[in-house]
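Work through these exercises with the sequence and the model side by side. Try each task before you read its solution.

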Amino acid sequence: MHDAIHVDYDTMIPNNVGLSEDRKVLKALEKWHPGYIDWWKGLGPDGFQEALVYLRTAVSVDPKGWAKFDYVKMPEYRWGILLAPQEEERKVPFGEYKGEAAWQEVPGEHRAMLRRLIVIQGDTEPASVEQQRHLGATAPSLYDMRNLFQVNVEEGRHLWAMVYLLQKYFGRDGREESEELLQRHSGDPDKPRMLGAFNEATPDWLSFFMFTFFTDRDGKMQLESLAQSGFDPLSRTCRFMLTEEAHHMFVGETGVGRTIQRTCDAMNEAGIDDPYDINRVRDLGVIDLPTLQKKANMHYTLSLDLFGSEVSTNAANAFNAGLKGRFHESRIEDDHQLTKDTYPVVKRVNGHIEMVDTPALSALNMRLRDDYARDCEKGVGRWNKIIEKTGVDFQLKLPHTAFHRGIGEFAQSEASPDGDILSADEWAARKDDWLPSKADGDFIASLMEQVTTPGKYAGWIAPPKVGIDNKPGDFEYVKIDPS
Ligand SMILES: [Fe+2]
Ligand SMILES: [Fe+2]
């Protein structure tokens, strides 16, 4: 049997799935590869393709040490196919087939649903690379630039992960879907990406950090529930992707945290107590905390929409079929079938917001979203600790789930961040207090300037506490002109 920990780097496509003995799939992937490289060069990072970037590459799936760091030109990054080791005698952990041996092949009657789940996940991966493609030009430091490119190459690898499943298990349909994953583009009016948040612009670095905190965290929740899948190859793929995903959220959380730090430090140095004295704070060349709150409001709510409608038959079917489970399914103490359970779902009843008990199977999106909100809450708490330590009197807060929603129970109504239902006029009058306005965007854009001296940082963001791979502060993470 193939040694699943060892990664084969002799083939063009590094892998631990025995590709060199699987000629058909290897050929299909080799055929797909040039289109992928074209996509990377055309819609991946704008510029910097010749730069040497200090990147980590997965060389193993051993949790104790799976990455190595080295200078790489991005188009030469070794995008590989890496599955977490197979668990002996794994069972389908939930749904109608609970307790049966996990499937190594696609369960025939659920083929279309499984394919759709893989395609939706796959579509988000290249989308974020497209959204972030212009950010290199305004990177606040080489450290940050390197982190951006690391996230980008790994999202590229996540696309490979999903394309492998499509090519290996879905024959001709899978090949067509793999092509289409390269043809849809973020924000394209004719062929957009499949989900809303992945068609939004990422215009500045604060957006990038908020995106990696909030939207990559949606990715984490989706991967966590797919990692539970009874279809074992999907489970193993997602388990390994999660190890990479953690770094993306680290980039987001520390990026926002460093922005907060710099703002509060600058306020203290200038003797400004009032965080709402926005003009004076902005004159210091830092991003005021109320604007940070607005950015968080926006990215959080766009990410909430990614969970779909609170009540969903698709989610119930995917669970019943054993394809997509719950967050930490194995740690939940219940029958893992949910046919008799209920779950409280937030609803609008006669102009009020109420929790209504709903059959648990159809409320799985709501449940995953609740788990997500709790996870976000913890991160926001860590940001607030940073503010508190500086002595500035301000707290960031996640808005109510009824606020600024495009999907689900509150898609047709407007609400304040506290969850008060508003008329259209009230909303129009207050909207700019809660979401970034054009002027806010222009101000943030005015601060975005590229800093390429090793160890130096743009004025709006504090340096990180530690370097990547324990490198010293003035380490040259990107050699932009390596000649
Ligand atoms: Fe990803
Ligand atoms: Fe990610």
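**Exercise 1. Locate F48, say whether it is buried or exposed, and give its phi.**

Step 1. F48 sits in the loop between helix 1 (23-43) and strand 1. Helices (H or I, at least four residues) and strands (E, at least two) are DSSP runs, numbered from the N terminus. This is a predicted model: local features need pLDDT of at least 70, side-chain atom pairs count only at pLDDT 80 or more, and totals for chains, interfaces and linings use all residues. Residues are numbered from 1 along each chain as its sequence is written, while chains are lettered from A and ligands numbered from 1 in the order in which they are written.

Step 2. Count neighbours. A residue is buried if 20 or more other C-beta atoms lie within 10 Å of its own, exposed if 12 or fewer, and partly exposed in between; C-beta atoms are placed from the backbone. F48 has 20 C-beta neighbours inside 10 Å, so F48 is buried.

Step 3. Read the backbone angle. The phi of F48 is near 65 degrees, a positive value in a residue other than glycine. Most residues other than glycine have a negative phi.

**Exercise 2. In what order do the 3 strands of the open sheet stand?**

Step 1. The order is 2-1-7, and the pairing is antiparallel. Two strands pair if DSSP finds at least two bridges between them.

Step 2. Find the edges. Strand 2 (67-73) and strand 7 (478-479) each have a single partner strand, so one side of each is left without a neighbour in the sheet.

Step 3. Check one pair. Strand 1 (residues 52-58) and strand 2 are joined by 7 bridges. V53 stands opposite V72 in strand 2.

Step 4. Helix 3 (residues 142-169) lies across strand 1 and strand 7, at about 40 degrees to strand 1. Such axes are lines fitted to C-alpha atoms, for helices over the stretch in contact, and angles run from 0 to 180 degrees between N-to-C directions.

**Exercise 3. Which residues does L159 contact, leaving aside its neighbours within four places in sequence?**

Step 1. L159 lies in helix 3. L159 is buried, because 25 C-beta neighbours fall inside 10 Å.

Step 2. Its contacts are G122, E125, P126 and L181. Two residues are in contact if their C-beta atoms, placed from the backbone, lie within 7 Å.

Step 3. Compare sequence and space. L159 and T124 are 35 residues apart along the chain, yet their C-alpha atoms are separated by 8.3 Å.

**Exercise 4. Describe the hairpin of strand 3 and strand 4.**

Step 1. Strand 3 (residues 342-349) and strand 4 run antiparallel, joined by 8 bridges. V345 stands opposite V356 in strand 4.

Step 2. The hairpin has 2 residues between the strands, and N350 takes a positive phi near 45 degrees.

Step 3. Strand 4 (residues 352-359) has 8 residues, and the number buried is 0, so strand 4 lies largely in the open.

**Exercise 5. How many residues of helix 5 are buried, and where does helix 5 bend?**

Step 1. Helix 5 bends by about 35 degrees at F211. The bend at a residue is the angle between axes fitted to the seven residues ending there and the seven starting there.
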